[in-house]
Structures are given as structure tokens and as C-alpha cells.
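Please look over the sequence and the 3D structure below.

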Amino acid sequence: MATVSVTFDNLGEAAEIERGTWPEDQPLGQHFSVRRWLPRIVALLARDGLRATFFAEGLNGELYPDALEALRAAGHEVACHGWRHEPWHEVADERDRLARARDALGGPVGFRPPAGRLNAGTPAILRELGYRYCSPAGSRAGRLDGLATLPFRWELIDAYYYLPHFATLRERNGDPAEPMPPAALRERVLEALEAHTAGHLTLIFHPFLMSVGDEAVSVLADVLEIAGRMDCVRMDEAAAALPDDAGPPRLDDTSWDA
């Protein structure tokens with residue numbers, strides 16, 4: 001059985017606040033990724049009858065409760081992407097941040113670590129706090145300390161192609177250091193979908209990267225059209241279907257901030 005999940009990471013200004021690049025005089029709660037692009041993404045998903053998973057930073061539960069509730073009302077899953085998009089393998093107080101994000105987001109069951117890497121104690125903390133799955137970087141699903149683990153592959157993320165700070169990771173994978181055009185993302189993702197005949201495949205897009213241009217939006221639309229003909233499930237549904245006796249996942253310890 002082959003399933004695919006379309007997922008979206010990083011909403012609003014959370015990451016910019018974490019990096020210290022958000023202007024102090026700029027009002028919160030009006031970020032273009034939420035107010036402009038999220039409705040268009042939801043409309044594209046509805047066009048193809050798809051339900052997706054949105055990994056949102058916990059801060060969004062305070063800044064955009066209306067947008068998150070609208071996602072749930074449309075049948076989508078809201079999961080956790082840290083508190084303010086902090087590189088997770090550098091976080092020392094992860095239990096506090098996961099608990100705060102859980103409460104702000106209304107009890108999500110899924111977690112994706114910003115920068116793709118877990119800490120050794122993350123799975124146990126997630127289980128303690130009621131999370132049922134995680135989605136770090138990797139290439140094979142499995143169970144990590146009993147927790148369902150649904151990895152993603154870096155080359156199936158739009159940011160891998162578009163953002164300058166992925167240069168080291170691109171070079172490590174044999175791709176150009178310079179950002180790549182949307183056409184390269186389209187080719188790689190459609191090839192992965194065509195080759196996908198068993199297991200679970202995770203795709204990741206970022207609402208703020210729709211601003212790359214019309215071609216980026218077109219790539220998303222093309223991918224959703226293909227996914228709509230497949231067994232496309234939310235991440236929580238894929239996690240629930242993972243056998244209790246699944247073996248360990250195959251994880252990837254590289255990161256975009258390496």
C-alpha cells in the first residue's frame with residue numbers, strides 16, 4: 001500500500017521573530033503567508049478534494065487562532081512545528097516548548113522538528129505530552145521508542161530548491177549550491193510520486209514561498225492534481241495506520257543549518 005501526505009510548514013512571522021529579523025514597528029498577526037497565501041492554498045486543496053497537514057509554530061495559536069480554526073473546519077490537520085521555528089537539535093528546554101505549543105495549538109498529535117533533527121529525548125517527551133507521531137528528516141517510516149515516525153526527504157521540500165541557506169545541503173546531495181528554479185522542484189517531486197509504489201511519502205511546501213512567483217504556485221497546483229489521484233492522507237492518518245511492530249525508522253542527521 002502506498003500513501004502520500006501533502007504538508008505545509010511555517011506560518012506567519014514566528015521564524016522571523018526567532019531569528020530577530022522581524023521589525024519592531026511591524027504589527028503582529030498580519031503576515032502575508034497567512035493572510036494572502038493560506039486562503040489560496042486551501043482553495044487549491046479543495047479543488048482536488050485533498051486534506052493536508054499544516055505544521056504550525058505554537059506562536060501561531062496566539063496570533064492566528066482564526067486561521068488555524070478555519071483549517072480544521074476545512075478538514076485539515078494542524079500539527080506542531082516548534083514554538084517559534086527554533087532549530088530543534090539546539091533546544092535545551094524542549095519539554096516546556098512542546099507543552100506550550102500543544103496548549104496554544106489545541107492539542108496537536110503530530111510534531112515536525114524545525115531543521116529536521118530530533119534530540120535523543122524528544123520521542124519520550126512527545127509521548128508524555130500526548131503527541132502520537134513525529135516527522136524528522138529521513139527516508140523510511142518506523143517507530144522510535146514506540147512513537148510513530150514519518151520522515152521527510154530534503155529533496156521533496158520546496159525550500160530545498162529556493163532558499164540560499166540550503167546551499168551546503170544541496171551541494172552535499174550533488175545539486176548546485178545556488179538556488180534552483182521551480183521547474184527543478186516540479187521534476188523531482190513528480191518523479192518521486194510516479195516511483196512511489198509502497199510505504200509512505202511526505203511532501204513539504206511553505207506558504208511564504210508561494211511568493212517566489214507564479215511558477216511556484218503552478219508547481220504546487222500540479223503536484224496537488226497528481227496527489228489527488230493517489231491515496232493522499234493526513235499525517236495523523238498515516239501515523240495511525242503504521243503497524244505497532246514497525247521497525248526503526250531510517251533518519252537523516254543532516255540539516256539546513258549545518
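His85 sits in the loop between E3 and H5. Helices (H or I, at least four residues) and strands (E, at least two) are DSSP runs, numbered from the N terminus. The model is a predicted one, in which local features need pLDDT of at least 70 and side-chain atom pairs count only at pLDDT 80 or more, while totals for chains, interfaces and linings use all residues. Residues are numbered from 1 along each chain as its sequence is written, and side-chain values use heavy atoms, with hydrogens and water left out.

Although His85 is not a glycine, its phi is positive, at about 65°. Most residues other than glycine have a negative phi. His85 has a relative accessible area of 13% and is therefore buried; buried means under 20% relative accessible area, exposed over 50%, and partly exposed in between, with a 1.4 Å probe and protein chains only.

His81 is also in the loop between strand E3 (77-80) and helix H5 (94-105). Is His81 buried or exposed? Its relative accessibility is 3%, so His81 counts as buried. A polar atom of the His81 side chain lies 2.8 Å from the backbone oxygen of Arg112. Contact here means heavy atoms within 4.5 Å.

Another positive phi is found at Ala115, where the value is near 80° in a residue other than glycine. Ala115 belongs to the loop between strand E4 (110-111) and helix H6 (122-128). With a relative accessible area of 3%, Ala115 is buried.

A further loop, between helix H8 (167-172) and H9, holds Asp175. Asp175 is buried, as its relative accessible area is 14%. The side chains of Asp175 and Arg188 are joined by a polar contact of 3.1 Å. A polar contact is a pair of N or O atoms within 3.5 Å; within protein, one must be able to donate a hydrogen and the other to accept it, and residues adjacent in sequence count only if both atoms are side-chain atoms. Leaving aside neighbours within four places in sequence, Asp175 is in contact with Tyr160, Arg170, Met180 and Arg188.

The next topic is the helices. Val34 lies in helix H2 and is buried, with a relative accessible area of 4%. Gly12 is 22 residues from Val34 along the chain, and their C-alpha atoms are separated by 5.9 Å. Not counting residues up to four places away in sequence, Val34 touches Leu11, Gly12, Pro39, Tyr64 and Ala67.

H2 packs with helix H4 (residues 65-73) at an angle of about 0°, with the axes 12 Å apart. Axes are lines fitted to C-alpha atoms, for helices over the stretch in contact, and angles run from 0 to 180 degrees between N-to-C directions. H2 is therefore roughly parallel to H4; angles under 35 degrees count as roughly parallel, over 145 as roughly antiparallel, 65 to 115 as roughly perpendicular and the rest as oblique. From H2, the contact is made by Val34, Arg35, Leu38 and Val42, and from H4 by Asp66, Ala67 and Leu71.

Which helix does H2 (residues 32-47) meet at an angle of about 30°? The partner is helix H10 (residues 214-227), and the two axes are 9 Å apart. H2 and H10 are therefore roughly parallel to each other. On the H2 side the contact is made by Trp37, Arg40, Ile41, Leu44, Leu45 and Arg47, and on the H10 side by Val217, Leu220, Ala221, Leu224 and Glu225. By class, these residues are eight nonpolar, no polar and three charged. Ala, Val, Leu, Ile, Met, Phe, Trp, Tyr, Cys and Pro count as nonpolar, Asp, Glu, Lys and Arg as charged, and the others, Gly among them, as polar.

H10 also packs with helix H9 (residues 182-195), at an angle of about 10° and with the axes 9 Å apart. That makes H9 roughly parallel to H10. H9 contributes Pro182, Ala183, Leu185, Arg186, Val189, Leu190 and Leu193 to the contact, and H10 contributes Glu215, Ala216, Ser218, Val219, Asp222, Val223 and Ile226. The contact of H9 with H10 has 10 nonpolar, one polar and three charged residues.
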